[in-house]
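Q: Please take a close look at one part of this structure: the charged side-chain pairs and the network they build. Then set that part against its surroundings.

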Amino acid sequence: DPAMTTILRAMEHDPSKEVRKMALSAIAMTRSTLPYVLQRLHDVKEDVRREAVLLVGTKINMLHLTIQQRIDVLRGALRDRSAMVRDACSGIIKSEWYSKASEKSAVAFVRALDVETYEEVAETAARCVLEECVSDEAGPFSGAFAPALETIDAESAFVWRVFCMMLKERKQLDALEDALPELSSLVDSLAAIDFSTQIFTAKQLLQLAVVCDMSDEAGRRRLVEFLEEKAGDAAVVEELVEPLLAALRAAVGNAEFLDRATRLVWDVYRPIHASDNERESVDPSEDLAVQRQKLDMLYEEKRTCSARGEDCDELNQRIEALSVRVEQLEDVETA
């Protein structure tokens, strides 16, 4: 079609942004023209990029795009340097892709984005969908609408975690309390998950544990026991180590966390690097590698403390004392 060829050429190559915008508005959306429209999401002019977002969002059902195309649209537009483009994309998500979907739910929406592969982009998009729920302090997982923990899947865990994080960020504590699970129930769900195959779901629930109410002492003790058992398991995949330790820190507090983390490092380190006799005879408090690890943790905690503008005097004293002990152990090792 000569006319279509002319429009495509103008849309791609004309130096005038107004011409490129007019070409976008005139183009017929088909399987063959879609790639050309998607290229305009990277146009040098923000209003052309905005026009492309609006065109894709209003003329194409999200499910008619491939997952990669959905992600490309969202990644580019939601991170665009122009607020005009970001707002257009956010509006399209709410008014078109979510509101007009056959199944209007945040879980169904993120399921179309392959959250396990594109977690960061999916979270940005999910926050757009959940914004109204958070604003009303009544979301899809409040009270009786919380998902069944015993059958929770990756997408439900993901949306639940994002929703609770949004409530916490906005200090909507009553709504957050309604949305969060009981600690004992959360531990039961974590225990039922295969940490070697359901890595993504485990990660979401561990991150959810960080914002849970730790005043339930019985539930907190169960959570701590579970987390220490998993964190000390050398078979746990590396991706889950950080969320396991973050949840443990939230459950026991910063001061106690350092001692427990040191013990965990010892439990994993010694069986690998020590002989049978050493495992029986060496006190972990005297192990140089463990003490260095603990010193690194103290320095990390000090950086966090300083960033928050808090008093670091006690930490400085502990760092000074432990530094002296590390030097003594180093002298013994080199003697």
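A: A salt bridge here is a side-chain nitrogen of Lys or Arg within 4 Å of a carboxyl oxygen of Asp or Glu. The model is predicted. By that rule, arginine 170 pairs with glutamate 131, with 3.1 Å between the closest N and O atoms. Arginine 170 sits in the loop between α9 (154-169) and α10 (173-179), while glutamate 131 belongs to helix α8, so the bridge ties together parts 39 residues apart in sequence.

How covered are the two partners? Arginine 170 has a relative accessible area of 33%, so it is partly exposed. Glutamate 131 comes to 26% and therefore counts as partly exposed.

Salt bridges with shared partners join Glu119, Glu123, Arg127, Glu131, Arg161, Glu169, Arg170 and Lys203. Another bridge in the picture is that of lysine 203 and glutamate 119, at 3.4 Å from N to O. Lysine 203 lies in helix α12 (residues 199-210) and glutamate 119 in helix α8 (residues 119-135). That pair links distant parts of the chain, 84 residues apart. Lysine 203 and glutamate 119 are both buried.

Now a bridge between lysine 100 and glutamate 96. Their side chains meet at 3.1 Å, N to O. Lysine 100 has 59% relative accessibility, so it counts as exposed. Glutamate 96 has a relative accessible area of 17%, so it is buried. The cut-offs matter here: buried means under 20%, exposed over 50%. In total, the count comes to 24 salt bridges.

Next, the aromatic surroundings. The structure holds three aromatic pairs. One of them joins tyrosine 98 and phenylalanine 109, edge-to-face, with 6.5 Å centre to centre and 85 degrees between the planes. Tyrosine 98 is in helix α6 (residues 83-98), and phenylalanine 109 is in helix α7 (residues 106-111). The two are eleven residues apart, and the pair links distant parts of the chain. Tyrosine 98 has a relative accessible area of 15%, which means it is buried. Phenylalanine 109, at 3% relative accessibility, counts as buried.

Phenylalanine 195 and phenylalanine 226 make another edge-to-face pair, 5.9 Å centre to centre, with 65 degrees between the planes. Phenylalanine 195 is in the loop between α11 (183-192) and α12, and phenylalanine 226 is in helix α13 (residues 217-231).

Finally, the chain as a whole. The protein chain has 18 helices and zero strands. Of its 335 residues, 44% are buried. Take contacts between residues at least 6 apart in sequence: 64% join residues at least 24 apart. The accessible surface is about 17800 Å², and carbon and sulfur atoms account for 48% of it.

Notes: Residues are numbered from 1 along each chain as its sequence is written. This is a predicted model: local features need pLDDT of at least 70, side-chain atom pairs count only at pLDDT 80 or more; totals for chains, interfaces and linings use all residues. Side-chain values use heavy atoms; hydrogens and water are left out. Helices (H or I, at least four residues) and strands (E, at least two) are DSSP runs, numbered from the N terminus. Buried means under 20% relative accessible area, exposed over 50%, partly exposed in between (1.4 Å probe, protein chains only). Contact means heavy atoms within 4.5 Å. Accessible areas come from the Shrake-Rupley method with a 1.4 Å probe; for residues, only the protein chains shown count as cover. Rings of Phe, Tyr and Trp (its six-membered ring) pair if their centres lie within 6.5 Å; planes under 30 degrees apart count as stacked, over 60 as edge-to-face and the rest as tilted.
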